[in-house]
Amino acid sequence: MKQDVTRNAAYTVDCEDYVHVVEFNPFESGESGNLIAYGGSNYVVVGMCMFQEEGTDTEGIQYKTLRTFHHGVRVDGIAWSPETKLDSLPPVIKFCTSAADMKIRLFTSDLQDKNEYKVLEGHSDFINDLVFHPREGQEIASVSDDHTCRIWSLEGKQTAHFLLHSPGMSVCWHPEETFKLMVAEKNGTIRFYDLMAQQAILSLQSEQTPLMSAHWCLKNTFKVGAVAGNDWIIWDITRSSYPQETRPVHMDRAHSFRWSAISENLFATTGYPGKMSSQFQIHHLGHSQVIQK
């Protein structure tokens, strides 16, 4: 990792190929650093980031690669399992990927001799998002352009299958009430499913389309955020099925939305990749000023 002044980044990691997706591990791994994975055209790299506030011996940011996994096909998405633990003996690295061949791959490694993966097949079009069950990590939810949301066991069996009205763009598990699942569709509809009853229990509607990304706020699960068209959109599900606040932010269409893990008022959006004015922006609901990168 080296300092990079020209792009206003704190540090950069030199990669051998294009990077299509990057994902920090959102769960506690038993170490002071943060696990990160990034995927390219035929590989996934798992590394560790150490930040200054997390260790007295760390200056700025430090990074080291832990393992490179051969993937064989372009990586489109990465999801971490809560079973990932670095302080166990042996350590456990577990994550899954979505790929250009419309398959899910489940990787398990002890960073030594054990490096296994299993293929989960069933989707008939590109997979737009996937996520592990946030507590036990024994199930994976995925959404696809094939107008389905599917729940998988780690053995590859489909335990639930929901038909959608348009491509599924995002899927999120409720962090505490894990029988609830949020699915966002490209047509602007966000539905909440009861996995025990296997039916929809609530829906939200965006007046803008296409909806490209949505996220459940972990600090306040009554809040849902999304990007659709050029706008970011915020709902309070206790008030209305229609947005509480909407604001245009990206001239060439918005692409992704992600809440902060530490604040219910802080979130980030990105513009569409490859566009001239594509940007990464950080927003605070209490302030009008936007941080742009």
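The structure is a predicted model, in which local features require pLDDT of at least 70 and side-chain atom pairs count only at pLDDT 80 or more, whereas totals for chains, interfaces and linings use all residues. Residues are numbered from 1 along each chain as its sequence is written, and side-chain values use heavy atoms, with hydrogens and water left out.

The protein chain contains zero helices and 26 strands; helices (H or I, at least four residues) and strands (E, at least two) are DSSP runs numbered from the N terminus. The radius of gyration of the chain is 19 Å, close to the 19 Å given by the globule rule for 293 residues, so the chain is as compact as a globular protein of that length. The radius is taken over C-alpha atoms, and the globule rule is 2.2 Å times the number of residues to the power 0.38. Along the principal axes, the C-alpha atoms fill a box of roughly 50 × 45 × 35 Å. Of the 293 residues, 46% count as buried, a class defined by under 20% relative accessible area, with exposed meaning over 50% and partly exposed lying in between (1.4 Å probe, protein chains only). The chain exposes about 14,900 Å², of which carbon and sulfur atoms supply 47%; these areas come from the Shrake-Rupley method with a 1.4 Å probe, and for residues only the protein chains shown count as cover. Among contacts (heavy atoms within 4.5 Å) with a separation of 6 or more, 41% involve residues 24 or more positions apart.

Strand S13 (residues 148-153) is largely enclosed by the rest of the structure, because six of its six residues are buried. The burial extends to both faces, with Thr148, Arg150 and Trp152 on one side and Cys149, Ile151 and Ser153 on the other. In a regular strand the side chains alternate between the two faces of the sheet. Strand S13 pairs with S12 (residues 139-144) in the antiparallel sense over five bridges; two strands are taken to pair if DSSP finds at least two bridges between them. Within this pair, isoleucine 140 has tryptophan 152 as its bridge partner. The hairpin of S12 and S13 has three residues between the strands, and histidine 147 in the turn adopts a positive phi of about 65°. Five bridges also join S13 to the antiparallel strand S14 (residues 158-163), where leucine 163 is the bridge partner of threonine 148. Four residues separate the strands of the S13 and S14 hairpin, in which glycine 156 takes a positive phi near 100°.

An open sheet is formed by four strands in the order S15-S16-S17-S18, with antiparallel pairing. Strands S15 (168-173) and S18 stand at the edges and each has a single partner strand, so one side of each is left without a neighbour in the sheet. Neighbouring strands of this sheet are turned by 20° against each other on average, direction ignored; the axes are lines fitted to C-alpha atoms, for helices over the stretch in contact, and angles run from 0 to 180 degrees between N-to-C directions. S15 and S16 (residues 180-185) run antiparallel and are joined by five bridges, and serine 170 stands opposite alanine 184 in S16.

Serine 206 lies in the loop between strands S18 (199-205) and S19 (211-216) and counts as buried because its relative accessibility is 4%. The side chain of serine 206 reaches the backbone oxygen of glutamine 208 at 2.8 Å. With neighbours within four places in sequence left aside, serine 206 is in contact with Gly188, Leu211, Ala228, Ile233 and Trp235.

Ile233 and Trp235 belong to one face of strand S21, together with Asp231, while Trp232, Ile234 and Asp236 form the other, and both faces are covered. Six of the six residues of S21 (residues 231-236) are buried. Strand S21 pairs antiparallel with S20 (residues 223-228) over six bridges, and isoleucine 233 is the bridge partner of alanine 226. These two strands form a hairpin with two residues between them, where glycine 229 in the turn has a positive phi of about 60°. On pairing with S22 (residues 245-248), S21 forms four bridges in the antiparallel sense; here glutamate 245 is the bridge partner of isoleucine 234.

Glutamine 281 is placed in strand S25 (residues 280-284) and, at 2% relative accessibility, counts as buried. The side chain of glutamine 281 makes a polar contact with that of glutamine 279 at 2.7 Å; such a contact is a pair of N or O atoms within 3.5 Å, where within protein one must be able to donate a hydrogen and the other to accept it, and residues adjacent in sequence count only if both atoms are side-chain atoms. The C-alpha atoms of glutamine 281 and valine 249 are separated by 8.5 Å, with the two residues 32 apart along the chain.
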